[in-house]
Protein chains: 2
Amino acid sequence: MVQKYMKVERIDHGTVIDHILPSKAFEVLRVLGLSNDKTMSILVNSHSKKGGKKDILKFEDFELSAGEANLVALVSPQATINIIVDGEVVRKFNAEAPKVVRGILTCSNPNCISNQNEPITTEFTLVSDEGHRYICSYCDREIVDLAKCISA
Amino acid sequence: MVQKYMKVERIDHGTVIDHILPSKAFEVLRVLGLSNDKTMSILVNSHSKKGGKKDILKFEDFELSAGEANLVALVSPQATINIIVDGEVVRKFNAEAPKVVRGILTCSNPNCISNQNEPITTEFTLVSDEGHRYICSYCDREIVDLAKCISA
């Protein structure tokens, strides 16, 4: 019995996020906050041609906006975004850390006003491109572990 | 620029869980509770040859035990498990709903003794194969929404 499970369907239209840090694909999905009705493939700890491992995300019939693409940089700064149309890569760019992130993240400071059940949207500001450091715009608390700050 | 992202690497050794209900692959991963250092591919809402959609999980160099395979049935009873060795399917079987589930699930009854910070392992018993109904072995509370009862 020869296995039939070698291929993922070719993407004719959609988005491929490549060079995601290994094991980080799930966090990327969480920051994107996409509904789970999309057709997608997630490769985790895939062997990279350059050696080492990486994750890859492919979305069929779904084009990531520049704003969404930049959210990817929060989790995996080296990721590249490929937009596929008619089976070809028509656009390829790097995710760029957004200057300001509204919603999506939760402040780790329990006393922050954004955690007091007020009708406030969380906001974080990029303070240093190096290491992608963000602080809360309300209480100045810096994000230490971003994965733990992604809103459920 | 022709896209290079059409294939997932062939699995020579490993496990393929096929015919998972659409959008349920993430829940299957949660009940299996595997560490995230594995090389795996997750296909979500993939187009099935028989029409409709399904999810598929592929683990490289990792053979699911019969006990683990049965946990898959908690989330997706129709799933089939394929064990791949040297590129061929050497074993193919259906996940069977386990009679008893220890750990993994949390009782939804806040007053259940298993939720009182006692050193107790949760336990659920299969009471009906139809619809895979489970009740808590301690307080008899039936699981209504299994996805919500999977331990974090």
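Student: Which element of chain A has the highest mean pLDDT, and which the lowest?

Tutor: This is a predicted model, and chain A has a mean pLDDT of 88, with 93% of its residues at 70 or more. Among its elements, helix H3 (residues 146-149) has the lowest mean, 87. The highest, 94, goes to strand S4 (residues 80-85).

Student: Where in chain A does pLDDT stay under 50?

Tutor: Where pLDDT is low, the predicted coordinates should not be read in detail. In chain A there is such a stretch, and the model gives it 19 contacts beyond four places in sequence. The stretch to treat with care is residues 3-7.

Student: In what order do the elements of chain A run from the N terminus?

Tutor: Chain A has three helices and eight strands. Its C-alpha trace spans about 60 × 35 × 30 Å along the principal axes. Starting from the N terminus, the order is β-α-β-β-α-β-β-β-β-β-α.

Student: Which residues of H1(A) are buried?

Tutor: Across chain A, buried residues make up 49% of the 152 residues. H1(A) is mostly covered, with six of its eight residues buried. Those residues pack against S1, S2, S3, H2 and H3 of chain A, together with H1 of chain B. They are A:Ala25, A:Glu27, A:Val28, A:Leu29, A:Val31 and A:Leu32.

Student: Which residue follows H1(A)?

Tutor: Helix H1 of chain A covers residues 25-32. The residue that comes after has a positive phi, near 60 degrees. That residue is A:Gly33.

Student: Which element supplies the largest share of the lining of the largest pocket?

Tutor: The largest pocket has a volume of about 1,000 Å³. Of its 30 lining residues, the closest to the centre are A:Phe26, A:Glu27, A:Arg30, B:Phe26 and B:Arg30. H1 and H3 of chain A, along with H1 of chain B, each supply at least two lining residues. The largest share, five residues, comes from H1(A).

Student: How many residues of that pocket's lining are charged?

Tutor: The lining can be split by residue type. There are 14 nonpolar residues and ten polar ones. The charged ones number six.

Student: Is A:Phe124 buried or exposed?

Tutor: Look for A:Phe124 in strand S7 (residues 123-128) of chain A. Beyond four places in sequence, its contacts include A:Val100, A:Leu105, A:Tyr134 and A:Ile143. With a relative accessible area of 1%, A:Phe124 is buried.

Terms used: Residues numbered from 1 in each chain as written. Chains lettered and ligands numbered in written order. Predicted model: local features only at pLDDT ≥ 70, side-chain atom pairs only at ≥ 80, totals over all residues. Heavy atoms only, no water. pLDDT = per-residue confidence, 0-100. Helix = DSSP H or I, 4+ residues; strand = E, 2+ residues; numbered from the N terminus. Contact = heavy atoms within 4.5 Å. 1 Å grid on protein atoms, 1.4 Å probe; cavity = no way out; pocket = protein on both sides within 12 Å on 5 of 7 lines; lining within 4 Å. Points joined across faces, edges and corners; volume = space filled by probe spheres on them. Nonpolar A, V, L, I, M, F, W, Y, C, P; charged D, E, K, R; others polar. Buried < 20%, exposed > 50% of the residue type's maximum accessible area, 1.4 Å probe, protein only.
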